Amino acid sequence: MSYRISKPTHLTGDLRLPASKSISNRALVLNALSGGIPGLLRNVSDCDDTTVMMEALFLLEMERREGSDCMLPPVVNVKAAGTAMRFLTALLAVTPGTHTITGTERMQHRPIGVLVEALRSLGAEIEYVGEEGFPPLRITGTVLRGGQVELAGDVSSQYISALLMIAPKLQEGLTLRLKGEIVSRPYIDMTLSMMKEYGAKAQWRGPSTIAVEPQPYRPTPYLVEADWSAASYWFELLLLSDERNNVFQLKGLFSESLQGDSAVQEMFKKLSVASFCMPPMTDDDEPRAMLMRRGRLPKRFEWDFTKTPDLAQTLVVTCAMKGIAFRFTGLQSLRIKETDRIAALQTELAKLGVRVEVEGDSVMQWAGPEAQPYGEIPYLQPLPGTAIDTYEDHRMAMAFAPAALVLGSIDINNPEVVTKSYPTFWEELEKAGVKKTLLPAPPL
(Lines give C-alpha, C1' and ligand atoms only; values in the text may rest on other atoms or scores of the structure.)
Protein backbone atom coordinates (compact mmCIF):
# COMPACT_ATOMS: atom_id res chain seq x y z
CA MET A 1 0.00 0.00 0.00
CA SER A 2 1.17 3.56 -0.76
CA TYR A 3 -0.22 7.01 0.02
CA ARG A 4 0.28 10.23 -1.88
CA ILE A 5 0.45 13.10 0.58
CA SER A 6 -0.38 16.46 -1.06
CA LYS A 7 0.13 20.04 0.04
CA PRO A 8 -3.04 21.65 1.45
CA THR A 9 -4.31 25.13 0.66
CA HIS A 10 -4.53 25.85 4.39
CA LEU A 11 -3.63 24.08 7.63
CA THR A 12 -5.68 23.94 10.82
CA GLY A 13 -4.26 22.54 13.99
CA ASP A 14 -6.40 21.31 16.87
CA LEU A 15 -4.84 17.90 17.12
CA ARG A 16 -5.01 14.76 19.21
CA LEU A 17 -1.73 13.08 20.09
CA PRO A 18 -1.27 9.46 21.12
CA ALA A 19 -0.37 8.65 24.70
CA SER A 20 3.34 8.25 25.29
CA LYS A 21 4.46 4.80 24.20
CA SER A 22 7.53 4.98 26.43
CA ILE A 23 5.53 5.85 29.54
CA SER A 24 2.72 3.40 28.68
CA ASN A 25 5.05 0.42 28.37
CA ARG A 26 6.82 1.25 31.61
CA ALA A 27 3.51 1.76 33.41
CA LEU A 28 2.26 -1.61 32.16
CA VAL A 29 5.36 -3.42 33.44
CA LEU A 30 5.36 -1.61 36.79
CA ASN A 31 1.63 -2.23 37.21
CA ALA A 32 2.18 -5.95 36.53
CA LEU A 33 5.11 -6.14 38.96
CA SER A 34 3.01 -4.42 41.63
CA GLY A 35 0.10 -6.82 41.19
CA GLY A 36 -2.17 -3.98 40.10
CA ILE A 37 -5.27 -4.38 37.95
CA PRO A 38 -5.34 -2.86 34.41
CA GLY A 39 -8.03 -0.38 35.46
CA LEU A 40 -5.47 1.54 37.51
CA LEU A 41 -3.89 2.84 34.29
CA ARG A 42 -5.52 5.71 32.34
CA ASN A 43 -4.83 6.92 28.80
CA VAL A 44 -2.60 3.97 27.88
CA SER A 45 -1.37 4.15 24.29
CA ASP A 46 -3.24 2.08 21.70
CA CYS A 47 -0.21 1.70 19.42
CA ASP A 48 1.17 -1.65 18.21
CA ASP A 49 4.01 -1.76 20.75
CA THR A 50 1.69 -1.22 23.69
CA THR A 51 -0.93 -3.63 22.34
CA VAL A 52 1.75 -6.34 22.11
CA MET A 53 2.78 -5.61 25.69
CA MET A 54 -0.81 -5.76 26.98
CA GLU A 55 -1.46 -9.04 25.17
CA ALA A 56 1.67 -10.60 26.65
CA LEU A 57 0.83 -9.42 30.17
CA PHE A 58 -2.72 -10.72 29.78
CA LEU A 59 -1.40 -14.17 28.86
CA LEU A 60 0.97 -14.17 31.83
CA GLU A 61 -1.86 -13.17 34.16
CA MET A 62 -4.06 -15.97 32.79
CA GLU A 63 -1.22 -18.44 33.39
CA ARG A 64 -0.84 -17.21 36.96
CA ARG A 65 -4.54 -17.61 37.68
CA GLU A 66 -4.97 -21.02 36.07
CA GLY A 67 -1.67 -22.47 37.28
CA SER A 68 -0.96 -26.02 36.12
CA ASP A 69 -4.36 -26.17 34.36
CA CYS A 70 -3.39 -23.39 31.95
CA MET A 71 -3.56 -24.49 28.30
CA LEU A 72 -2.07 -21.30 26.82
CA PRO A 73 1.03 -21.77 24.63
CA PRO A 74 4.22 -20.59 26.45
CA VAL A 75 5.27 -18.41 23.50
CA VAL A 76 5.32 -14.61 23.65
CA ASN A 77 5.48 -12.98 20.21
CA VAL A 78 6.34 -9.28 20.38
CA LYS A 79 6.31 -8.90 16.58
CA ALA A 80 8.32 -5.73 15.74
CA ALA A 81 8.15 -4.16 19.22
CA GLY A 82 11.71 -3.64 20.42
CA THR A 83 10.64 -2.09 23.73
CA ALA A 84 8.41 -5.07 24.48
CA MET A 85 11.21 -7.51 23.63
CA ARG A 86 13.60 -5.90 26.10
CA PHE A 87 11.16 -5.18 28.91
CA LEU A 88 9.48 -8.60 28.70
CA THR A 89 12.80 -10.45 28.57
CA ALA A 90 13.60 -9.02 32.01
CA LEU A 91 10.05 -9.50 33.29
CA LEU A 92 9.94 -13.15 32.20
CA ALA A 93 13.22 -13.78 34.01
CA VAL A 94 11.40 -13.13 37.33
CA THR A 95 8.06 -14.68 36.31
CA PRO A 96 7.40 -18.36 37.19
CA GLY A 97 7.28 -20.74 34.23
CA THR A 98 9.20 -21.33 31.03
CA HIS A 99 8.45 -19.12 28.03
CA THR A 100 9.87 -18.51 24.58
CA ILE A 101 9.94 -14.89 23.45
CA THR A 102 10.23 -14.16 19.75
CA GLY A 103 9.32 -11.58 17.10
CA THR A 104 9.47 -10.69 13.42
CA GLU A 105 12.42 -11.61 11.20
CA ARG A 106 13.86 -8.12 11.74
CA MET A 107 13.44 -8.54 15.50
CA GLN A 108 15.39 -11.79 15.32
CA HIS A 109 18.32 -9.80 13.94
CA ARG A 110 18.25 -7.08 16.61
CA PRO A 111 20.91 -7.76 19.27
CA ILE A 112 19.90 -8.58 22.82
CA GLY A 113 23.08 -10.22 24.13
CA VAL A 114 23.98 -7.32 26.44
CA LEU A 115 20.69 -7.66 28.33
CA VAL A 116 20.81 -11.46 28.41
CA GLU A 117 24.35 -11.52 29.86
CA ALA A 118 23.41 -8.93 32.48
CA LEU A 119 20.37 -10.99 33.53
CA ARG A 120 22.41 -14.18 33.61
CA SER A 121 24.92 -12.51 35.93
CA LEU A 122 22.00 -11.86 38.31
CA GLY A 123 20.97 -15.53 38.22
CA ALA A 124 18.54 -15.65 35.27
CA GLU A 125 18.02 -18.85 33.27
CA ILE A 126 17.99 -17.82 29.60
CA GLU A 127 18.88 -19.82 26.47
CA TYR A 128 19.18 -18.75 22.86
CA VAL A 129 16.83 -20.74 20.65
CA GLY A 130 18.67 -19.76 17.45
CA GLU A 131 21.62 -17.49 16.80
CA GLU A 132 23.72 -16.52 19.82
CA GLY A 133 23.06 -12.96 20.91
CA PHE A 134 19.66 -12.62 19.21
CA PRO A 135 16.02 -13.63 19.79
CA PRO A 136 14.21 -15.99 20.10
CA LEU A 137 14.98 -16.69 23.77
CA ARG A 138 13.82 -19.47 26.09
CA ILE A 139 13.45 -18.07 29.60
CA THR A 140 12.73 -19.96 32.81
CA GLY A 141 11.58 -17.52 35.45
CA THR A 142 13.01 -17.80 38.92
CA VAL A 143 13.89 -15.75 42.00
CA LEU A 144 17.02 -13.78 41.11
CA ARG A 145 19.67 -12.97 43.69
CA GLY A 146 20.57 -9.57 42.24
CA GLY A 147 23.81 -7.78 43.05
CA GLN A 148 26.10 -5.64 40.89
CA VAL A 149 26.11 -5.28 37.11
CA GLU A 150 28.32 -3.19 34.85
CA LEU A 151 27.11 -2.01 31.44
CA ALA A 152 28.48 0.35 28.83
CA GLY A 153 26.63 3.64 29.16
CA ASP A 154 26.11 3.86 25.40
CA VAL A 155 23.93 0.74 25.13
CA SER A 156 20.21 1.16 24.55
CA SER A 157 18.54 2.76 27.55
CA GLN A 158 15.85 0.08 27.21
CA TYR A 159 18.35 -2.55 28.43
CA ILE A 160 19.03 -0.37 31.46
CA SER A 161 15.35 0.34 32.11
CA ALA A 162 14.48 -3.35 31.79
CA LEU A 163 16.99 -4.23 34.51
CA LEU A 164 15.96 -1.35 36.75
CA MET A 165 12.25 -2.17 36.70
CA ILE A 166 12.74 -5.72 37.95
CA ALA A 167 15.43 -4.67 40.45
CA PRO A 168 13.11 -4.27 43.49
CA LYS A 169 12.13 -7.93 42.98
CA LEU A 170 15.75 -9.13 43.33
CA GLN A 171 16.85 -10.59 46.65
CA GLU A 172 19.81 -8.24 46.96
CA GLY A 173 18.43 -5.41 44.88
CA LEU A 174 20.67 -4.01 42.16
CA THR A 175 23.69 -1.77 41.85
CA LEU A 176 24.09 -0.78 38.22
CA ARG A 177 27.36 0.83 37.13
CA LEU A 178 27.41 2.53 33.72
CA LYS A 179 30.78 2.89 32.03
CA GLY A 180 31.67 5.70 29.65
CA GLU A 181 29.22 8.13 28.08
CA ILE A 182 25.61 7.58 29.15
CA VAL A 183 23.27 7.96 26.17
CA SER A 184 19.50 8.50 26.36
CA ARG A 185 19.77 9.43 30.04
CA PRO A 186 16.31 11.08 30.08
CA TYR A 187 14.76 7.63 29.46
CA ILE A 188 16.64 6.22 32.45
CA ASP A 189 15.45 9.12 34.59
CA MET A 190 11.90 8.51 33.34
CA THR A 191 12.11 4.90 34.49
CA LEU A 192 13.48 5.83 37.92
CA SER A 193 10.81 8.50 38.44
CA MET A 194 8.01 6.09 37.58
CA MET A 195 9.50 3.34 39.76
CA LYS A 196 9.45 5.73 42.72
CA GLU A 197 5.77 6.47 42.10
CA TYR A 198 5.16 2.74 42.50
CA GLY A 199 7.07 2.67 45.80
CA ALA A 200 10.59 1.69 44.73
CA LYS A 201 13.70 3.01 46.44
CA ALA A 202 15.92 3.82 43.48
CA GLN A 203 18.39 6.62 42.94
CA TRP A 204 21.60 7.78 41.29
CA ARG A 205 24.66 7.44 43.50
CA GLY A 206 27.15 9.61 41.74
CA PRO A 207 27.24 10.36 38.00
CA SER A 208 27.31 6.75 36.77
CA THR A 209 25.88 4.42 39.44
CA ILE A 210 22.24 3.58 40.18
CA ALA A 211 21.21 1.73 43.33
CA VAL A 212 17.85 -0.01 43.77
CA GLU A 213 16.87 -1.60 47.08
CA PRO A 214 14.78 -4.80 47.36
CA GLN A 215 11.31 -3.40 48.01
CA PRO A 216 7.83 -4.58 46.95
CA TYR A 217 6.03 -2.31 44.48
CA ARG A 218 2.60 -1.02 45.46
CA PRO A 219 -0.37 -0.82 43.04
CA THR A 220 -0.77 2.81 41.99
CA PRO A 221 -3.28 4.71 39.80
CA TYR A 222 -1.41 6.26 36.88
CA LEU A 223 -2.31 8.77 34.12
CA VAL A 224 -0.17 8.51 30.98
CA GLU A 225 0.70 11.81 29.31
CA ALA A 226 0.66 12.43 25.56
CA ASP A 227 3.72 11.71 23.44
CA TRP A 228 6.25 14.50 22.82
CA SER A 229 7.95 12.36 20.14
CA ALA A 230 4.68 12.34 18.18
CA ALA A 231 4.36 16.09 18.71
CA SER A 232 7.59 16.60 16.74
CA TYR A 233 5.83 15.89 13.43
CA TRP A 234 3.40 18.76 14.04
CA PHE A 235 6.27 21.12 14.85
CA GLU A 236 7.76 20.02 11.51
CA LEU A 237 4.46 20.44 9.64
CA LEU A 238 3.94 23.97 10.97
CA LEU A 239 7.46 25.01 10.03
CA LEU A 240 7.30 23.53 6.52
CA SER A 241 3.92 25.18 5.88
CA ASP A 242 5.39 28.70 6.01
CA GLU A 243 2.06 29.93 7.43
CA ARG A 244 3.29 32.69 9.73
CA ASN A 245 -0.01 33.36 11.51
CA ASN A 246 -1.17 29.80 12.10
CA VAL A 247 -1.45 28.28 15.58
CA PHE A 248 -1.48 24.55 16.37
CA GLN A 249 -2.95 23.09 19.57
CA LEU A 250 -1.58 19.72 20.68
CA LYS A 251 -3.69 18.12 23.38
CA GLY A 252 -2.50 16.11 26.38
CA LEU A 253 1.06 17.42 26.71
CA PHE A 254 2.41 18.10 30.20
CA SER A 255 4.71 21.09 30.75
CA GLU A 256 6.58 19.20 33.49
CA SER A 257 7.16 16.11 31.39
CA LEU A 258 9.02 12.89 32.15
CA GLN A 259 9.89 12.61 28.47
CA GLY A 260 13.31 13.62 27.23
CA ASP A 261 11.75 14.27 23.82
CA SER A 262 10.02 17.33 25.28
CA ALA A 263 13.35 18.88 24.20
CA VAL A 264 11.69 19.19 20.78
CA GLN A 265 10.43 22.55 22.05
CA GLU A 266 13.98 23.86 22.43
CA MET A 267 15.08 22.44 19.08
CA PHE A 268 12.28 24.03 17.09
CA LYS A 269 12.57 27.30 18.97
CA LYS A 270 15.96 27.61 17.27
CA LEU A 271 14.17 26.89 13.98
CA SER A 272 11.54 29.66 14.46
CA VAL A 273 8.68 27.63 15.99
CA ALA A 274 7.74 28.86 19.47
CA SER A 275 5.68 26.78 21.89
CA PHE A 276 4.20 27.04 25.35
CA CYS A 277 2.14 24.69 27.49
CA MET A 278 -1.23 25.57 29.00
CA PRO A 279 -2.57 23.78 32.11
CA PRO A 280 -6.19 22.54 32.22
CA MET A 281 -8.62 25.44 32.70
CA THR A 282 -11.44 23.28 34.17
CA ASP A 283 -11.85 19.80 35.65
CA ASP A 284 -13.04 18.54 32.26
CA ASP A 285 -10.20 20.21 30.36
CA GLU A 286 -6.78 18.79 29.57
CA PRO A 287 -3.30 20.29 29.23
CA ARG A 288 -2.13 21.31 25.78
CA ALA A 289 0.78 22.89 23.93
CA MET A 290 0.38 25.85 21.58
CA LEU A 291 2.71 26.19 18.57
CA MET A 292 3.30 29.25 16.38
CA ARG A 293 5.94 30.73 14.07
CA ARG A 294 8.32 33.24 15.66
CA GLY A 295 11.68 34.54 14.51
CA ARG A 296 13.93 33.70 11.58
CA LEU A 297 15.37 30.48 10.24
CA PRO A 298 19.06 29.86 10.88
CA LYS A 299 21.41 29.03 8.02
CA ARG A 300 22.96 26.18 9.99
CA PHE A 301 21.75 23.98 12.86
CA GLU A 302 23.73 21.70 15.18
CA TRP A 303 22.44 19.35 17.85
CA ASP A 304 23.65 16.43 19.97
CA PHE A 305 20.94 13.73 19.89
CA THR A 306 22.57 11.49 22.50
CA LYS A 307 19.63 12.05 24.86
CA THR A 308 16.88 12.28 22.20
CA PRO A 309 17.63 9.87 19.32
CA ASP A 310 13.95 9.40 18.36
CA LEU A 311 13.79 13.04 17.26
CA ALA A 312 16.68 12.75 14.80
CA GLN A 313 14.64 11.75 11.73
CA THR A 314 12.22 14.64 12.21
CA LEU A 315 15.04 17.19 12.42
CA VAL A 316 17.07 15.71 9.55
CA VAL A 317 14.10 15.89 7.17
CA THR A 318 13.01 19.31 8.45
CA CYS A 319 16.44 20.86 7.86
CA ALA A 320 16.80 19.20 4.45
CA MET A 321 13.42 20.54 3.32
CA LYS A 322 14.20 24.09 4.50
CA GLY A 323 17.72 24.12 3.05
CA ILE A 324 19.32 24.46 6.50
CA ALA A 325 22.84 23.03 6.72
CA PHE A 326 23.25 20.75 9.74
CA ARG A 327 25.64 18.67 11.77
CA PHE A 328 23.97 16.17 14.09
CA THR A 329 25.91 14.05 16.58
CA GLY A 330 25.03 11.40 19.16
CA LEU A 331 23.24 9.18 16.64
CA GLN A 332 24.92 5.88 17.50
CA SER A 333 21.74 4.14 18.66
CA LEU A 334 20.03 4.78 15.30
CA ARG A 335 21.87 1.84 13.75
CA ILE A 336 19.96 -0.67 15.90
CA LYS A 337 16.44 0.78 15.84
CA GLU A 338 13.52 -0.64 13.80
CA THR A 339 15.89 -0.29 10.86
CA ASP A 340 19.34 1.22 10.38
CA ARG A 341 17.92 4.73 10.50
CA ILE A 342 21.14 6.42 9.42
CA ALA A 343 21.34 4.35 6.23
CA ALA A 344 17.60 4.71 5.63
CA LEU A 345 17.74 8.51 5.90
CA GLN A 346 20.71 8.65 3.54
CA THR A 347 18.96 6.49 0.95
CA GLU A 348 15.58 8.23 1.04
CA LEU A 349 16.94 11.79 1.12
CA ALA A 350 19.12 10.97 -1.89
CA LYS A 351 15.88 10.30 -3.81
CA LEU A 352 15.01 13.95 -3.17
CA GLY A 353 18.41 15.29 -4.18
CA VAL A 354 19.81 15.68 -0.65
CA ARG A 355 23.23 14.05 -0.23
CA VAL A 356 23.82 13.57 3.49
CA GLU A 357 27.27 12.63 4.76
CA VAL A 358 27.90 10.19 7.60
CA GLU A 359 30.90 9.99 9.91
CA GLY A 360 31.19 6.66 11.67
CA ASP A 361 28.04 5.58 13.49
CA SER A 362 27.18 8.79 15.29
CA VAL A 363 27.39 11.83 12.98
CA MET A 364 25.23 13.02 10.07
CA GLN A 365 25.90 16.30 8.32
CA TRP A 366 24.82 18.27 5.29
CA ALA A 367 26.48 21.40 3.97
CA GLY A 368 23.28 22.76 2.41
CA PRO A 369 21.92 22.88 -1.14
CA GLU A 370 24.56 25.27 -2.49
CA ALA A 371 27.51 23.21 -1.29
CA GLN A 372 26.49 19.75 -2.50
CA PRO A 373 27.35 18.47 -5.99
CA TYR A 374 24.27 17.77 -8.07
CA GLY A 375 23.94 14.22 -9.25
CA GLU A 376 21.21 12.62 -11.28
CA ILE A 377 18.55 14.17 -9.03
CA PRO A 378 18.84 17.94 -8.36
CA TYR A 379 18.09 19.30 -4.90
CA LEU A 380 14.39 18.78 -4.06
CA GLN A 381 13.44 17.75 -7.59
CA PRO A 382 12.65 14.04 -7.28
CA LEU A 383 12.21 12.01 -10.43
CA PRO A 384 8.65 11.00 -11.44
CA GLY A 385 7.52 7.88 -9.60
CA THR A 386 9.81 8.53 -6.63
CA ALA A 387 8.41 7.10 -3.39
CA ILE A 388 9.78 7.03 0.14
CA ASP A 389 10.36 3.56 1.55
CA THR A 390 9.66 3.18 5.26
CA TYR A 391 11.67 0.05 6.21
CA GLU A 392 9.04 -1.15 8.72
CA ASP A 393 9.87 2.02 10.66
CA HIS A 394 7.02 4.26 11.82
CA ARG A 395 9.27 7.30 12.22
CA MET A 396 10.42 7.17 8.58
CA ALA A 397 6.80 7.53 7.42
CA MET A 398 5.89 10.32 9.82
CA ALA A 399 9.11 12.32 9.38
CA PHE A 400 8.83 12.36 5.57
CA ALA A 401 5.08 13.00 5.24
CA PRO A 402 5.31 16.75 6.03
CA ALA A 403 7.81 17.13 3.15
CA ALA A 404 4.74 17.29 0.89
CA LEU A 405 4.32 20.91 1.97
CA VAL A 406 7.64 21.75 0.30
CA LEU A 407 7.60 19.30 -2.60
CA GLY A 408 3.92 19.69 -3.47
CA SER A 409 3.35 15.99 -2.89
CA ILE A 410 5.25 12.94 -1.68
CA ASP A 411 4.50 9.22 -1.99
CA ILE A 412 4.97 7.04 1.09
CA ASN A 413 5.23 3.27 0.76
CA ASN A 414 3.78 1.01 3.48
CA PRO A 415 2.25 3.92 5.42
CA GLU A 416 0.52 1.50 7.80
CA VAL A 417 3.77 1.29 9.81
CA VAL A 418 2.60 4.31 11.82
CA THR A 419 0.41 2.00 13.91
CA LYS A 420 3.55 1.12 15.87
CA SER A 421 3.35 4.40 17.80
CA TYR A 422 0.65 6.70 16.31
CA PRO A 423 -2.28 4.73 14.83
CA THR A 424 -4.34 7.84 14.02
CA PHE A 425 -1.50 9.82 12.40
CA TRP A 426 -2.94 9.83 8.87
CA GLU A 427 -6.42 10.73 10.11
CA GLU A 428 -5.03 13.62 12.17
CA LEU A 429 -3.03 14.77 9.15
CA GLU A 430 -6.24 14.92 7.10
CA LYS A 431 -8.00 16.80 9.93
CA ALA A 432 -5.20 19.38 9.70
CA GLY A 433 -6.01 19.83 6.00
CA VAL A 434 -3.33 17.69 4.35
CA LYS A 435 -4.62 15.59 1.45
CA LYS A 436 -4.08 11.82 1.46
CA THR A 437 -4.70 9.60 -1.57
CA LEU A 438 -4.43 5.82 -1.70
CA LEU A 439 -2.36 4.94 -4.76
CA PRO A 440 -3.31 1.97 -6.95
CA ALA A 441 -1.21 -1.13 -6.50
CA PRO A 442 1.45 -1.61 -9.22
CA PRO A 443 0.63 -4.27 -11.84
CA LEU A 444 1.93 -7.76 -11.17
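## Basis of the model

The model is predicted: local features need pLDDT of at least 70, side-chain atom pairs count only at pLDDT 80 or more, and totals for chains, interfaces and linings use all residues. Residues are numbered from 1 along each chain as its sequence is written, and side-chain values use heavy atoms, with hydrogens and water left out.

## An open sheet

Four strands form an open sheet in the order 20-21-1-22, with mixed pairing. Strands (E, at least two residues) and helices (H or I, at least four) are DSSP runs, numbered from the N terminus. Two strands pair if DSSP finds at least two bridges between them.

The edges are strand 20 (387-388) and strand 22 (435-438), each pairing on one side only. Strand 1 (residues 2-6) runs antiparallel to strand 22, and four bridges join them.

The largest pocket holds about 740 Å³ of space. A pocket is found on a 1 Å grid over the protein atoms alone: it is an open set of points where a 1.4 Å probe fits, with protein on both sides within 12 Å along at least five of seven lines, and lining residues have an atom within 4 Å of a point. Grid points are joined across faces, edges and corners, and the volume is the space filled by probe spheres set on the points.

Its lining has 23 residues, with Ala 32, Leu 57, Leu 60, Glu 61 and Arg 64 nearest the centre. Helix 1 (21-34) and helix 2 (48-66) are the elements that give two or more residues to this lining. Helix 2 gives the largest share, eight residues. By class, the lining has 14 nonpolar, four polar and five charged residues. Here Ala, Val, Leu, Ile, Met, Phe, Trp, Tyr, Cys and Pro count as nonpolar, Asp, Glu, Lys and Arg as charged, and the others, Gly among them, as polar.

The second largest pocket has a volume of about 310 Å³. Of its 19 lining residues, Asn 43, Leu 223, Val 224, Gly 252 and Glu 286 are closest to the centre. This lining divides into nine nonpolar, three polar and seven charged residues.

The largest nonpolar core has 74 residues, and Trp 234, Phe 328, Phe 400, Phe 425 and Trp 426 have the most contacts inside it. Such a core is a set of buried Ala, Val, Leu, Ile, Met, Phe, Trp, Tyr and Cys residues joined through side-chain atoms within 4.5 Å. Helix 7 (residues 228-241) gives the largest share of this core, 10 residues. Apart from it lies another core of 69 residues, including Ala 27, Leu 91, Val 94 and Tyr 217.

## Buried sites

In helix 9 (residues 312-322), 11 of 11 residues are buried. Buried means under 20% relative accessible area, with a 1.4 Å probe and protein chains only. Just after helix 9, Gly 323 takes a positive phi of about 70 degrees.

Ala 93 is found in helix 3 (residues 82-93). It is buried, with a relative accessible area of 1%. Beyond four places in sequence, its contacts (heavy atoms within 4.5 Å) include Leu 119, Ile 139 and Leu 144. The C-alpha atoms of Ala 93 and Ile 166 are separated by 9.0 Å, though the two are 73 residues apart along the chain.

Ser 272 sits in the loop between helix 8 (264-269) and strand 14 (273-278). Ser 272 counts as buried, at 1% relative accessibility.

Note on methods:
Buried < 20%, exposed > 50% of the residue type's maximum accessible area, 1.4 Å probe, protein only.
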